[in-house]
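Let's look at how the labels in a structure get decided. Have the picture open while we go.

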Amino acid sequence: MNAEELLDVCPVVPVVVLRDAADAVPLARALVAGGLPAIEVTLRTPAALEAVERIAAEVPDAVVGAGTVVAPGQAEAAAGAGARFLVSPGCTDALREAMTATGLPFLAGVSSASEAMALLEHGITAMKFFPAKAAGGPDYLRSLAGPLPQVRFCPTGGITPDTAADYLALANVGCVGGTWLTPDDAVRSGDWARVEALARKAAALR
Ligand SMILES: O=C(O)C(=O)C[C@H](O)[C@H](O)COP(=O)(O)O
């Protein structure tokens with residue numbers, strides 16, 4: 001799978017924050033059952049790498065990746081844990097090089113034409129658009145499609161079940177990312193049926 005194909009795995013990529021690695025497998029199973037196999041586990045908690053490892057080992061139908069990759073060393077650590085893709089909120093030269101070195105598809109974050117052009121210079125055409133709502137939302141992405149039609153995005157940040165379709169309707173959007181599929185209280189209480197129901201609704205968006 002390359003980064004362009006990653007954008008087409010499912011319309012919504014659940015962005016998850018896991019405090020307890022024991023939640024990883026049931027959460028991933030619920031998302032897969034709801035029709036969202038791509039799962040971005042953010043490296044924001046001490047449990048994150050173990051969560052990636054468990055999902056990779058025990059949920060074969062999931063396509064698990066690591067998000068919030070902000071330091072070069074995290075790219076290799078995530079790959080070692082079994083991540084199948086990497087996502088970062090922004091990009092530096094060192095981070096881009098580290099992510100490229102893993103051989104995994106990655107979505108580096110951009111929020112301007114210049115940042116997108118910097119990645120294009122390296123042959124990268126699939127990117128994350130972050131923070132999507134605050135940076136200008138669907139209008140901004142529509143504007144980028146004029147001069148940069150070869151770039152496709154996964155907008156993430158501030159997207160809700162009510163606004164996701166506005167992004168997905170754009171020609172330069174492959175999928176969107178969001179945290180709304182795994183509400184904190186649902187994860188804490190192990191309400192996997194609720195997670196599955198939220199995933200099912202999101203999977204039907206496109
Ligand atoms: O962790 C990363 O790599 C990020 O870039 C941040 C996430 O994309 C946002 O935290 C999404 O959060 P919501 O706005 O709640 O959907």
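Helices (H or I, at least four residues) and strands (E, at least two) are DSSP runs, numbered from the N terminus. The model here is predicted, so local features need pLDDT of at least 70 and side-chain atom pairs count only at pLDDT 80 or more, while totals for chains, interfaces and linings use all residues. Residues are numbered from 1 along each chain as its sequence is written.

Q: Why is Pro105 called partly exposed?
A: A residue is buried with 20 or more other C-beta atoms (placed from the backbone) within 10 Å of its own, exposed with 12 or fewer, and partly exposed in between. Pro105 has 19, so it is partly exposed.

Q: Which residues of H4 are buried?
A: In H4 (residues 72-81) they are Gln74, Ala75, Ala78, Ala79 and Ala81.

Q: What puts them on the same side of H4?
A: They cover an arc of only 160° around the axis, taken from the directions from the helix axis to the C-beta atoms. On the other side of H4, Gly73 and Gly80 are exposed.
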